[in-house]
Amino acid sequence: MCGAFHLADVGEASIPLERLYSNLSLQNYYRPAGDVHPNEIVPVISRRKSGNIGCNLMQWGFTLEGRGGLIINARSETAFSKPLFSVSMASRRCLVPITCYYEWKKDDAYGKQKFSFTPDSAAPCYLAGIYRYESNPSLPRFIVLTRPATPDIAFIHSRMPVILTGAQATAWLSPESNPALLLAQANTTLSIHHCP
């Protein structure tokens with residue numbers, strides 16, 4: 001699962017957000033930095049109708065009409081076959097820039113303990129996502145794909161987001177790529193830090 005992540009400010013950063021902001025037509029009034037939670041708006045990278053890759057503002061979470069609540073994650077193993085996700089998996093894949101993501105471990109003695117997970121790669125890293133246009137939308141809405149957690153972090157949570165870097169991230173946006181193969185090859189090497 002992924003319920004929150006951190007997006008570095010331009011001044012902080014391992015992610016070259018200057019490049020993202022330069023492509024963001026709404027940059028004059030929107031400049032995200034810090035922790036990001038469901039239903040918030042962030043810059044997301046996707047392939048546009050023109051075929052060019054660009055940065056767009058999107059809102060985190062698919063809504064369920066008439067039922068309330070948000071769907072913020074989808075299991076990568078089953079997203080291809082689920083009606084809610086299958087069209088987006090085929091043609092609306094996106095990348096969500098992050099510097100780290102967070103999980104909470106339930107502890108009987110200490111309550112919920114917060115941990116941050118940072119990919120070891122020095123390259124910019126992204127969460128694999130998909131997006132859709134909803135009825136009466138102001139912005140497209142995205143969700144994050146998850147996978148089973150690796151053994152070294154499964155003691156905190158049984159799921160982790162799919163993390164892509166480098167050529168994998170570029171290929172994720174290509175209509176010619178094999179998304180199932182990319183999901184299987186995703187980055188799983190993470191540094192774990194306990195958050196005070």
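Predicted model: local features only at pLDDT ≥ 70, side-chain atom pairs only at ≥ 80, totals over all residues.
Strands here are DSSP runs (E, at least two residues), numbered from the N terminus.

L127 has a relative accessibility of 0%, so it counts as buried; buried means under 20% relative accessible area, exposed over 50%, and partly exposed in between (1.4 Å probe, protein chains only).

As background, nonpolar side chains tend to be buried together in soluble globular proteins.

## Strand 3 and its partners

Five of the seven residues of strand 3 are buried, so this strand is largely enclosed by the rest of the structure. Two strands pair if DSSP finds at least two bridges between them. Strand 3 and strand 4 run antiparallel and are joined by seven bridges, with P43 opposite L57 of strand 4. Five residues lie between the strands in this hairpin, where G51 takes a positive phi near 100°. Strand 3 is also joined to strand 8, again in the antiparallel sense, by two bridges; here I45 stands opposite L95.

In the loop between strand 2 and strand 3 (41–47) you will find N39. N39 has a positive phi of about 80° although it is not a glycine, and its relative accessible area of 37% makes it partly exposed.

Five strands form an open sheet in the order 2-1-9-10-15, with antiparallel pairing. Its edge strands, each pairing on one side only, are strand 2 (34–36) and strand 15 (190–194). The twist averages 35° from one strand to the next, where axes are lines fitted to C-alpha atoms (for helices over the stretch in contact) and angles run from 0 to 180 degrees between N-to-C directions. Strand 10 (residues 111–119) pairs with strand 15 over five bridges in the antiparallel sense, and T118 has S191 as its bridge partner in strand 15.

## Rings and charges

How many aromatic pairs does a search of the whole structure find? It finds six. Rings of Phe, Tyr and Trp (its six-membered ring) pair if their centres lie within 6.5 Å; planes under 30 degrees apart count as stacked, over 60 as edge-to-face and the rest as tilted. Two of the pairs are set out below.

| Pair | Centre to centre | Angle between planes | Type |
|---|---|---|---|
| Y101 and F117 | 4.8 Å | 15° | stacked |
| Y131 and Y133 | 5.9 Å | 80° | edge-to-face |

Y101 in strand 9 (residues 100–107) and F117 in strand 10 are 16 residues apart, and their pair links distant parts of the chain. Both Y101 and F117 are buried. Y131 is buried too, with a relative accessible area of 6%. F5, W60 and F142 form one aromatic cluster.

A charge sits over a ring if NZ of Lys or CZ of Arg is within 6 Å of the ring centre and within 35 degrees of the ring normal. The charged end of K114 sits over the ring of Y102, 4.1 Å from its centre, while R93 lies over the face of W172 at 5.3 Å from the ring centre.

## Cysteines

With a disulfide taken as a pair of cysteine sulfur atoms within 2.5 Å, the count comes to zero disulfides. For C125, the nearest cysteine sulfur is that of C100, 8.8 Å away. C125 counts as buried at 5% relative accessibility, and C94 is buried at 0%.

Notes: Residues numbered from 1 in each chain as written. Heavy atoms only, no water. Helix = DSSP H or I, 4+ residues; strand = E, 2+ residues; numbered from the N terminus.
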